[in-house]
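The following exercises are to be worked with the sequence and the structure at hand. Each task is followed by a stepwise solution.

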Amino acid sequence: MIRPEQERFWSHVVKGPESNDCWFWTGAISDDGYGRFWIQRNGGQQAVRPQRYAHELATGEPLPPSMLLLHSCDIPICVHASAYLESSHVAPGTHRENMLDRAQRGRYRDRQTLRLGELPRQVRVQRSLDLRTVILDHGWQPELISAALLGVEITHPRLF
Ligand SMILES: [Zn+2]
């Protein structure tokens with residue numbers, strides 16, 4: 001029962017070609033701009049956060065409900081989790097300092113500092129939806145992904 005669930009989970013994820021790229025969730029998106037994944041537990045349906053689900057899969061450790069999971073890439077629908085903090089895009093709140101240090105060391109300097117998580121909710125939701133649309137329609141296209149993240153209007157679909 002668990003394996004089909006994991007297959008269903010990964011069928012909604014599009015990974016970038018580089019090891020440090022984001023893995024974008026393309027399933028349901030909540031009204032806060034973060035993803036939502038439905039699972040069967042204890043005889044009922046339950047919605048979980050895709051990034052938390054991915055983190056638990058990667059680490060094999062259940063995450064206490066009270067524990068925040070933070071994105072180093074600051075993209076709410078990224079689910080790039082790893083058991084190794086160095087390569088993970090999400091980490092429990094207790095590792096916040098490490099993640100801030102890493103960001104300041106400039107590992108992500110090639111990436112725009114987007115702070116999507118700090119945008120007003122409606123804007124954040126729209127960015128997540130736009131990003132998902134771009135990925136589903138065009139696959140992994142860095143220029144289109146950047147435009148969606150920056151909120152740049154890309155309304156000329158016939159050009160692609
Ligand atoms: Zn990411």
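Helices (H or I, at least four residues) and strands (E, at least two) are taken here as DSSP runs, numbered from the N terminus. The model is a predicted one.

**Exercise 1. Inventory of the chain**

Task: State how many helices and strands the protein chain has, give their order, and report what share of its residues is buried.

Solution. 
1. The protein chain contains five helices and seven strands.
2. Read from the N terminus, the elements follow the order α-β-β-β-β-β-α-β-β-α-α-α.
3. Of the 160 residues in the protein chain, 41% are buried.

**Exercise 2. A three-stranded sheet**

Task: Derive the strand order of the open sheet of three strands and explain why β3 and β5 stand at its edges.

Solution. 
1. The order is β3-β4-β5, and the pairing is antiparallel.
2. β3 (28-29) and β5 (44-48) each have a single partner strand, so one side of each lacks a neighbour in the sheet.
3. β3 and β4 (residues 35-41) are joined by two bridges, and Ala28 stands opposite Arg36 in β4.
4. Helix α2 (residues 50-59) lies across β4 and β5, at about 60° to β4.

**Exercise 3. The largest nonpolar core**

Task: Name the residues with the most contacts inside the largest nonpolar core and the element that gives the most to it.

Solution. 
1. This core comprises 28 residues, and Phe24, Ile75 and Leu131 have the most contacts inside it.
2. Two or more residues come from each of β2 (23-25), β4, α2, α4 (121-138) and α5 (142-150).
3. α5 gives the most, with four residues.
4. Among the residues that Phe24 touches are Val14, Ile75, Leu131, Trp140 and Ile145.

**Exercise 4. Cysteines**

Task: Determine how many disulfides there are and whether Cys22 is buried or exposed.

Solution. 
1. With a cut-off of 2.5 Å between cysteine sulfur atoms, the count is zero disulfides.
2. Cys22 has 4% relative accessibility and so counts as buried.
3. Cys73 is likewise buried, at a relative accessible area of 6%.

Terms used: Residues are numbered from 1 along each chain as its sequence is written. This is a predicted model: local features need pLDDT of at least 70, side-chain atom pairs count only at pLDDT 80 or more; totals for chains, interfaces and linings use all residues. Side-chain values use heavy atoms; hydrogens and water are left out. Two strands pair if DSSP finds at least two bridges between them. Contact means heavy atoms within 4.5 Å. Axes are lines fitted to C-alpha atoms, for helices over the stretch in contact, and angles run from 0 to 180 degrees between N-to-C directions. A nonpolar core is a set of buried Ala, Val, Leu, Ile, Met, Phe, Trp, Tyr and Cys residues joined through side-chain atoms within 4.5 Å. Buried means under 20% relative accessible area, exposed over 50%, partly exposed in between (1.4 Å probe, protein chains only). Lists of a residue's contacts leave out its neighbours within four places in sequence.
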